[in-house]
Amino acid sequence: MPVHRPEQIRPRRLFLVGLLLTAFALLHTAPASAAEAPDATATPARGSAHMGMGVVAHDGQDGLPTGTRATQSEGVDVASYQGNVAWPTLWNSGVRWAYTKASEGTYYTNPYFSQQYSGSYNVGMIRGAYHFATPDTASGATQADYFVDHGGTWSKDGRTLPGVLDIEWNPYGDACFDKTPSAMVSWIRDFLNQYKARTGRQAVIYTATSWWNQCTGSYAGFSATPLWIARYASTAGTLPAGWSTYTMWQYTSTGPTVGDHDRFNGALDRVQALANG
């Protein structure tokens, strides 16, 4: 019967220990790599919503407008995810007006608001602010107050546009914020009435036709309110019920410098007219 000396057994033990440690390391790192992979289905963080966030997913995109820039004034809309915006670059490219996200619900304000809102003004643009509506978190009047108190006010300086109510798909849950069409119409009306009471101006409604039809039941009673239509295509397409024309059109989310580009339905003097009230 062979006899194993201690010095013969020790290398075998060290070899087996090494194999076990290697296996353990591989098992340990696999879950970590999986955890780092992005979850495409995850609900975005509150406050991260922005104008047009749901357009491509719900309405798709199909081309760009052609042959209209000579008679329409180019604009952009921005939010915190775009950080500090290169306003001189946009100005040199022909952009003449801009909207900045100021607030969302009653729980969020844009940390880049000052750079974006004042920066556009400082290069010569006509600027305004918008509010991303979350009708399931607070009333329309309450959110209008929050908006006005956090950057959404208006002044007759010829360079400040009226505030915008961004009302579109809910990125955090039910597309219509768990509201019936009649309840949604009431919420929008409360926001508009309170905004006008606070600023003396009629707010602009930003929306998409398909969302409007679904979530307001194709309500046609806001036709006197300026419309900012969202549609990423070569034409603005069919407008929501009640409107025969649009004031502004968000036509792409893939433009240069800032992705979200817009056309005002008229030359720069019409933008100035809206600013002056």
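Student: Is Cys176 buried or exposed in this model?

Tutor: A residue counts as buried when its relative accessible area is under 20%. In this predicted model, Cys176 has a relative accessible area of 9% and is therefore buried. Cys215 is buried as well, with a relative accessible area of 1%.

Student: What joins Cys176 to Cys215?

Tutor: A disulfide is assigned when two cysteine sulfur atoms lie within 2.5 Å. Here the S to S distance between Cys176 and Cys215 is 1.9 Å, and a disulfide joins them. The count for the structure comes to one disulfide. The angle about the S-S bond is -75°, and the link of Cys176 and Cys215 is left-handed.

Student: Which parts of the chain does this pair tie together?

Tutor: Cys176 lies in the loop between β5 (164-166) and α6 (181-199), while Cys215 belongs to helix α7 (residues 209-216), so the pair ties together parts that are 39 residues apart in sequence.

Student: Which strands are joined to β7 by bridges?

Tutor: Strand β6 (residues 204-207) runs parallel to β7 and is joined to β7 by three bridges. Within that pairing, Ile229 is the bridge partner of Thr207. Between these two strands the chain passes through α7, and this β-α-β crossover is right-handed. Three bridges also join β7 to strand β8 (residues 248-252), again in a parallel arrangement. Trp228 stands opposite Met248 in β8.

Student: How does one read the span of a helix, and what is found for α5?

Tutor: One sets the distance between the end C-alpha atoms against the length that a straight helix would reach at 1.5 Å a residue.

Student: Which residues of α5 are buried, and what do they pack against?

Tutor: An α-helix has 3.6 residues a turn, so residues three or four places apart point the same way. In α5 the buried residues are Gly140, Gln143, Ala144, Tyr146, Phe147, Val148 and Gly152. These buried residues pack against β2 (97-104), β3 (108-109), β4 (126-132), β5 and α6.

Student: Where is Ser80 found, and which residues does Ser80 touch?

Tutor: Ser80 sits in the loop between β1 (73-78) and α3 (87-92). Its relative accessibility is 19%, so Ser80 counts as buried. Leaving aside residues up to four places away in sequence, Ser80 touches Tyr108, Asn110, Pro111, Tyr112 and Gln116.

Student: What is the setting of Asn276?

Tutor: Asn276 lies in helix α8 (residues 268-276) and is partly exposed, with a relative accessible area of 34%. Asn276 and Asp157 are 119 residues apart in sequence, yet their C-alpha atoms are 7.2 Å apart in space. Not counting residues up to four places away in sequence, Asn276 touches Trp154, Lys156, Gly158 and Arg201.

Student: How many helices and strands does the protein chain have, and what share of its residues is buried?

Tutor: The protein chain has eight helices and nine strands. Of its 277 residues, 45% are buried. Among contacts with a separation of 6 or more, 68% are between residues 24 or more positions apart.

How values were computed
Residues are numbered from 1 along each chain as its sequence is written. This is a predicted model: local features need pLDDT of at least 70, side-chain atom pairs count only at pLDDT 80 or more; totals for chains, interfaces and linings use all residues. Side-chain values use heavy atoms; hydrogens and water are left out. Helices (H or I, at least four residues) and strands (E, at least two) are DSSP runs, numbered from the N terminus. Buried means under 20% relative accessible area, exposed over 50%, partly exposed in between (1.4 Å probe, protein chains only). Contact means heavy atoms within 4.5 Å. Two strands pair if DSSP finds at least two bridges between them. A crossover is right-handed if, with the strands pointing away from the viewer, the path from the first strand over the helix to the second runs clockwise. The expected span of a helix is 1.5 Å times one less than its number of residues.
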